[in-house]
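Morning, everyone. I will walk through one model, starting with its sheet and ending with its aromatic rings. Please have a look at it first.

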Amino acid sequence: MKDHRGRPRVVVTGMGLVTALGRDLPSTWAGLMEGRSGIRPITRFNTTGMRSRIGGCVDFPGDVPGRPLTVAQRLIALGELALDEALAMAGLPKPFPGPLSLGLPPTELEWPARADIMLRAQGTTNRDLAIASTGMPEVHRVQQVVEPVRHFAARYGTRGFPQAVTTACASGASAIQMAVEAIRRGETDCVLSGGCEASMTPETMIRFSLLQALSARNDPPETASRPFSLTRDGFIMGDGAAGLVLESMEHATARGATILGEILGVGERADTFHRTRSSPDGLAISGAVENALRDAGLGADAIGYINAHGTSTPENDKMEAMAMHLVFGEICPPISSTKSMLGHTLSAAGAIEAVICLLALRHQMLPPTINQTDTDMALGVDVVPNMARPHGFSAALSNSFGFGGQNVCVVLGRG
């Protein structure tokens, strides 16, 4: 029950998903296998004048047009669905007998709360003192990134100090990495992990649009996300969450748990080239992949499928393809981007896509990259265009690359 380095093997015994394709794991997987897009017009706030007006939305009854749930409230709603599903599948009781490690976005005050602060501070000579004197506990409670993770820790009765991991678009993968390392070090037998994302707000979308990062292909929305295509012009934001119950093989076997898959290795490598852009030589990305393979004790030829970071931005897709060729040679394993159907779920993407890899391994089916009417053949990769594909394989790679050069890759095995 030890890996090639004598460390405890880490297995997955529970999984949960909430995406634009469905509010549980089966519905999301069914949508992926159908090659169905979950991208649609945003209705919970006014998008008039915005460059991008679409997203992979998960709306809730509390979303009132013009006054939707706050980011923290949505994170909690999404996370509860995914983590409840994962725990039910794992069959573990509450309180959960291990710690919590979640990828979460760095939330901040949204415009309605800022306006409220300004109104309270009017007519004062010292604005900062006036704001501090109001207290505004309700604003602080729902906006701070610690509130969701504290909520989940209390809800599930996890042990120790709950971890909210924020490494941009690699956050979900980083949370898995921290969980794996804790089990390998013998600090715990199990960890409740995953990621949640709910940053689709007017301000965030405007910021990404100013970076020219979002697609402006609003009509029809289903065709907007086009990873690895000649006409890719930016990513689509998405809501989502994933939950994973990770255990040591020994702990899972002792309690008779069903093993759904295994985390074989995790690797990371920093890229200090630019705040938002990847290094044009692809070396940091390829280095993260190589580190993950080395951690797993596998050669490149063991990987049968790659779930790409695949954001649909011109530069990212090019750099990722280049990096994969550096690792795998002229002929890479099949590589698809499920962001073409779900949108880019940012802090949750690494966890969501790790779960998708595990599902692909269990079903021996590859999810497609949709909207491939003009695949960029110069990239030289098999993108599993438009239709799901049967495929026999035993190990998969999930890529997550975040702003600030935060690159994390996860190698997953069949249970």
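One term before we start: two strands count as paired if DSSP finds at least two bridges between them. Keep in mind, too, that this is a predicted model.

With that term, take strand 4 and strand 5. They run parallel, and three bridges join them. One of the bridges puts Gly-103 together with Val-165 in strand 5.

Which strands does it hold, and in what order? There are ten strands in an open sheet, ordered 5-4-6-7-1-8-14-13-9-10, and the pairing is mixed. The edges are strand 5, residues 163-165, and strand 10, residues 335-336, each of which pairs on one side only. In general, strands of a sheet pair through backbone hydrogen bonds, either parallel or antiparallel.

Strand 6 shows both senses. With strand 4, residues 100-103, strand 6 pairs in the parallel sense over four bridges. There, Ser-101 stands opposite Ser-193. With strand 7, residues 240-248, strand 6 pairs in the antiparallel sense over eight bridges. On that side Cys-190 has Glu-247 as its bridge partner.

Is strand 6 mostly covered or mostly open? Strand 6, residues 190-197, is mostly covered, with eight of its eight residues buried. As a general point, side chains in a regular strand alternate between the two faces of the sheet. In strand 6, one side has Cys-190, Leu-192, Gly-194 and Cys-196, the other has Val-191, Ser-193, Gly-195 and Glu-197, and all of these are buried.

Next, the helices on the sheet. Helix 2, residues 71-90, lies across strand 1, strand 4, strand 6 and strand 7, and runs at about 135 degrees to strand 1. Helix 10, residues 283-296, also packs on the sheet, where it touches strand 8, strand 13 and strand 14. The direction of helix 10 makes about 145 degrees with that of strand 8.

Two helices also pack on each other. Helix 1, residues 25-34, meets helix 13, residues 349-363, at an angle of about 75 degrees, and their axes are 11 Å apart. Angles of 65 to 115 degrees count as roughly perpendicular, so helix 1 is roughly perpendicular to helix 13. Helix 1 brings Leu-25, Trp-29 and Leu-32 to this contact, and helix 13 brings Val-355, Ile-356, Leu-359, Ala-360 and His-363. By type, the residues of this contact are seven nonpolar, one polar and no charged.

Helix 8, residues 202-210, has Glu-203, Met-205, Phe-208 and Ser-209 as its buried residues. Just after helix 8, Gln-212 takes a positive phi of about 60 degrees.

Last, the rings. How many aromatic pairs does the structure hold? It holds two. In one, the ring centres of Phe-208 and Phe-235 are 5.2 Å apart and the planes are at 75 degrees, so this pair is edge-to-face. Phe-208 is in helix 8 and Phe-235 is in the loop between helix 8 and strand 7, so the pair ties together parts 27 residues apart in sequence. Phe-208 is buried at a relative accessible area of 13%, and Phe-235 is buried at 5%.

The other pair is Tyr-305 with Phe-393: centres 6.1 Å apart, planes at 70 degrees, and therefore edge-to-face. Tyr-305 is in strand 9 and Phe-393 in the loop between strand 12 and strand 13, 88 residues apart. Tyr-305 is buried at 0% relative accessibility, and Phe-393 is buried at 7%.

Note on methods: Residues are numbered from 1 along each chain as its sequence is written. This is a predicted model: local features need pLDDT of at least 70, side-chain atom pairs count only at pLDDT 80 or more; totals for chains, interfaces and linings use all residues. Side-chain values use heavy atoms; hydrogens and water are left out. Buried means under 20% relative accessible area, exposed over 50%, partly exposed in between (1.4 Å probe, protein chains only). Axes are lines fitted to C-alpha atoms, for helices over the stretch in contact, and angles run from 0 to 180 degrees between N-to-C directions. Angles under 35 degrees count as roughly parallel, over 145 as roughly antiparallel, 65 to 115 as roughly perpendicular and the rest as oblique. Contact means heavy atoms within 4.5 Å. Ala, Val, Leu, Ile, Met, Phe, Trp, Tyr, Cys and Pro count as nonpolar, Asp, Glu, Lys and Arg as charged, and the others, Gly among them, as polar. Rings of Phe, Tyr and Trp (its six-membered ring) pair if their centres lie within 6.5 Å; planes under 30 degrees apart count as stacked, over 60 as edge-to-face and the rest as tilted.
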